[in-house]
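Try each task before you read its solution.

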Amino acid sequence: MSHTVLVVDDDAAVLDVIVGMLEDLGCQVISAQNGPNALDQLNENQDISILITDINMPDMDGHELAELAKRVRPELKVLQLSGREPRRGGLPMIRKPFSFEELADIMQRTAGIF
């Protein structure tokens with residue numbers, strides 16, 4: 001079963017790498033470079049079942065995005081990414097940089113896929 005994943009990171013190079021990894025895992029991937037655009041994507045695409053968001057972003061950080069996204073779509077699974085920010089709100093998090101294997105493992109454990 002293919003999952004549609006929304007990935008949000010303000011660093012285009014990092015975003016490209018994560019998108020590639022997820023596509024290699026068999027996911028359909030939609031990307032956004034900021035929180036407001038991500039919320040628009042969630043409203044436009046009801047197939048999105050997983051949100052992967054960087055925490056440290058300008059304007060709207062990943063914590064705020066996750067809270068707003070879960071209000072709109074309570075069933076949405078959320079995974080946060082960070083190289084330095086602390087985990088908050090009990091959401092699963094993966095530390096950057098991470099390997100393909102680490103991403104696959106956390107996707108399986110937190111999203112129940114693969």
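**Exercise 1. A residue in a loop**

In which loop is the place of R73? Then decide whether R73 is buried or exposed, and find its contacts beyond its sequence neighbours.

Solution. Keep in mind that this is a predicted model.

- Step 1: R73 sits in the loop between α3 and β4 (77–82).
- Step 2: The relative accessibility of R73 is 4%. Buried means under 20%, so R73 counts as buried.
- Step 3: Setting aside neighbours within four places in sequence, R73 is in contact with L42, N45, Q46, D47 and I48.
- Step 4: Look at the polar atoms of the R73 side chain. One of them lies 3.3 Å from the backbone oxygen of Q46. The side chain of R73 also reaches the backbone oxygen of I48, at 2.3 Å.
- Step 5: For a C-alpha distance, take R73 and C27: they are 46 residues apart along the chain, and their C-alpha atoms are separated by 19 Å.

**Exercise 2. Two residues in strands**

Find the strands that hold T4 and I30, and work out whether each residue is buried or exposed.

Solution. 

- Step 1: T4 belongs to strand β1 (residues 4–8), while I30 belongs to strand β2 (residues 28–32).
- Step 2: T4 has 12% relative accessibility, so it counts as buried. I30 is buried too, with a relative accessible area of 17%.
- Step 3: Not counting residues up to four places away in sequence, T4 touches Q28, I30, N45, D47, I48, S49 and I50.
- Step 4: Under the rule of leaving aside neighbours within four places, I30 is in contact with T4, V5, L6, V7, Q41, N45 and I48.
- Step 5: I30 and L6 are 24 residues apart in sequence, and their C-alpha atoms are 4.8 Å apart in space.

**Exercise 3. Packing of α2 and α3**

Describe how helix α2 and helix α3 pack, and name the residues that make the contact.

Solution. Two packed helices are described by the angle between their axes and the distance between the axes.

- Step 1: Helix α2 (residues 35–44) and helix α3 (residues 62–72) pack at about 15°, and their axes are 10 Å apart.
- Step 2: Angles under 35 degrees count as roughly parallel, so α2 is roughly parallel to α3.
- Step 3: The crossing of these two helices, α2 and α3, is right-handed.
- Step 4: From α2, the contact uses G35, A38, L39, L42 and N43; from α3, it uses L65, L68, A69 and V72.
- Step 5: Sorted by class, the contact of α2 with α3 has seven nonpolar, two polar and no charged residues.

**Exercise 4. Packing of α1 and α4**

Repeat the description for helix α1 and helix α4.

Solution. 

- Step 1: The angle between α1 (residues 12–24) and α4 (residues 100–111) is about 65°, with the axes 10 Å apart.
- Step 2: The crossing of α1 and α4 is right-handed.
- Step 3: M21, L22 and D24 of α1 meet F100, L103 and M107 of α4.
- Step 4: By class, this contact has five nonpolar, no polar and one charged residues.

**Exercise 5. Backbone details**

Which residues does a cis peptide bond join, and where does D59 lie?

Solution. 

- Step 1: The cis peptide bond joins K96 and P97, with omega about -10°. P97 lies in the loop between β5 (93–95) and α4.
- Step 2: D59 lies in the loop between β3 (48–54) and α3. Although D59 is not a glycine, its phi is positive, about 70°.
- Step 3: With 80% relative accessibility, D59 counts as exposed.

Technical notes
Residues numbered from 1 in each chain as written. Heavy atoms only, no water. Axes fitted to C-alpha atoms, helices over the stretch in contact; angles between N-to-C directions. Helix = DSSP H or I, 4+ residues; strand = E, 2+ residues; numbered from the N terminus. Parallel < 35°, antiparallel > 145°, perpendicular 65-115°, else oblique. Left-handed = near helix turned anticlockwise from the far one by under 90°. Contact = heavy atoms within 4.5 Å. Nonpolar A, V, L, I, M, F, W, Y, C, P; charged D, E, K, R; others polar. Buried < 20%, exposed > 50% of the residue type's maximum accessible area, 1.4 Å probe, protein only. Polar contact = N/O pair within 3.5 Å; in protein donor to acceptor, adjacent residues only side chain to side chain.
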